[in-house]
Amino acid sequence: MSDAICVHELCKEYPDFSLQNVSFCLPKGSIMGFIGENGAGKTTTIKTMLGIAKKTSGSVKLFGLDLADHEKEIKNRIGVVFDECSFHDTLTALDVAKILGKIYADWDDPLYIKYLKQFDLPEKKKIKEYSRGMKMKLGIAAALSHHPDLLILDEPTSGLDPVIREEILDIFLEFIQDEEHSILLSSHITSDLDKIADYLTFIHEGKIVLSKSKDEILEDLGILKCSLEEFGALDKTSFITYRKNQFGCEVLIKDKMNFISRHPDMIVDPVSTESVMVFYARGKTV
Ligand SMILES: Nc1ncnc2c1ncn2[C@@H]1O[C@H](COP(=O)(O)OP(=O)(O)OP(=O)(O)O)[C@@H](O)[C@H]1O
């Protein structure tokens, strides 16, 4: 299986923040959830990958090609949505079609109009009169309407109600059905990622802390609740982080099956995407 995205040791320096050797690959035909707390570096990674922000070092391949050498081809094959609306707010949805029709070789007006109707977006209303959710839906409609092979979406479902979120997640799932299309989706709404992501990449303070298939993560990791005495007796290599609370300790265990076989008396609960994010962001290491 070839990769739609392959990021290798990507670095970006801002005065108060640095992206440090970010590496991950997204196999073609799959959805990757890109997760991290506010300010972890998700948008910076996406902007640096796309050349919108200049990288300090590292390499990015999209469809196996270098962006610098194949910019036009690559940009035609990608649909991008950022959490802030990228269209000027005096435009209407129809104006957007006129502009994008000139930019993208495969722009599909009938498909765009179909999405406007499906998402209940008025064609002639100015974007400044759209709600936040409507602007987000417009961005998604526009990104899908030039038949991209890859969607890169920064918080695409934030600001949307659960009904339209589910509809959009279904569209994303349909999009990857032919195994040629892929999606990188950053989100705080971990329940959305639980539903649709095949791979999860966690970023914390500018570094990738975990990037694996969701199934592997769910099989490998577990949460142990134990007393402080029990925690003190644990083999320190058996866990990743821990959090103390008023009752004792919660511990993010790795190689869960092996741990359970060595500690049959202890109860290890399954992890969720959200709990893994919180353990990496707020848990302590030894
Ligand atoms: N143009 C910029 N100049 C300087 N610093 C920046 C710039 N853009 C982002 N940063 C800093 O980089 C850090 C990471 O920001 P980024 O937007 O990538 O985080 P994020 O994970 O997308 O967060 P959120 O979930 O809140 O959108 C922040 O500390 C931010 O202040």
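Student: In which sense do strand 3 and strand 8 pair?
Tutor: Strand 3 (residues 31–35) and strand 8 (residues 182–186) pair in the parallel sense, over 4 bridges. Two strands count as paired if DSSP finds at least two bridges between them. Helices (H or I, at least four residues) and strands (E, at least two) are DSSP runs, numbered from the N terminus. This is a predicted model: local features need pLDDT of at least 70, side-chain atom pairs count only at pLDDT 80 or more, and totals for chains, interfaces and linings use all residues. Residues are numbered from 1 along each chain as its sequence is written, and side-chain values use heavy atoms, with hydrogens and water left out.

Student: Which residue in strand 8 does Gly33 stand opposite?
Tutor: Leu185.

Student: New topic. Is helix 1 largely enclosed or exposed?
Tutor: Helix 1 (residues 42–49) is largely enclosed by the rest of the structure, because 6 of its 8 residues are buried. Buried means under 20% relative accessible area, exposed over 50%, partly exposed in between (1.4 Å probe, protein chains only). The buried residues are Lys42, Thr44, Thr45, Ile46, Thr48 and Met49. Just after helix 1, Gly51 takes a positive phi of about 75°.

Student: Which non-glycines have a positive phi?
Tutor: Asn21 has a positive phi of about 50°, and His147 also has one of about 50°. Asn21 is found in strand 2 (residues 17–27). His147 is in the loop between helix 5 and strand 7. Asn21 is partly exposed at 43%, and His147 is partly exposed at 42%.

Student: Where is Gly206?
Tutor: In the loop between strand 9 and strand 10. Gly206 is buried, at 0% relative accessibility. Leaving out residues up to four places away in sequence, Gly206 touches Phe17, Ser18, Leu19, Gln20, Val22 and Ala40.

Student: OK, salt bridges. How many does the structure hold?
Tutor: 9. The rule is a side-chain nitrogen of Lys or Arg within 4 Å of a carboxyl oxygen of Asp or Glu. One of them joins Lys28 and Glu180, with the closest N and O atoms 3.3 Å apart. Lys28 lies in the loop between strand 2 and strand 3, and Glu180 in the loop between helix 6 (162–175) and strand 8, so the pair ties together parts 152 residues apart in sequence.

Student: What does Asp149 pair with?
Tutor: Arg77, with the closest N and O atoms 2.7 Å apart. Asp149 is in the loop between helix 5 and strand 7, and Arg77 in the loop between helix 2 (71–76) and strand 6, 72 residues apart. Glu73, Arg77 and Asp149 are linked in a network of salt bridges.

Student: Last one. What are the domain bounds?
Tutor: Domain 1 is 3–211 and domain 2 is 221–285. The bounds come from an automatic or database domain assignment. The domain centres, taken over C-alpha atoms, are separated by 34 Å. The contact takes 10 residues from domain 1 and 7 residues from domain 2.

Student: How much area is buried between domain 1 and domain 2?
Tutor: About 820 Å², of which carbon and sulfur atoms give 73%. Buried area is the accessible area (1.4 Å probe) that two parts lose on being put together, summed over both. Thr190, Phe202 and His204 supply 45% of the area that domain 1 buries against domain 2.

Definitions and conventions:
Contact = heavy atoms within 4.5 Å.
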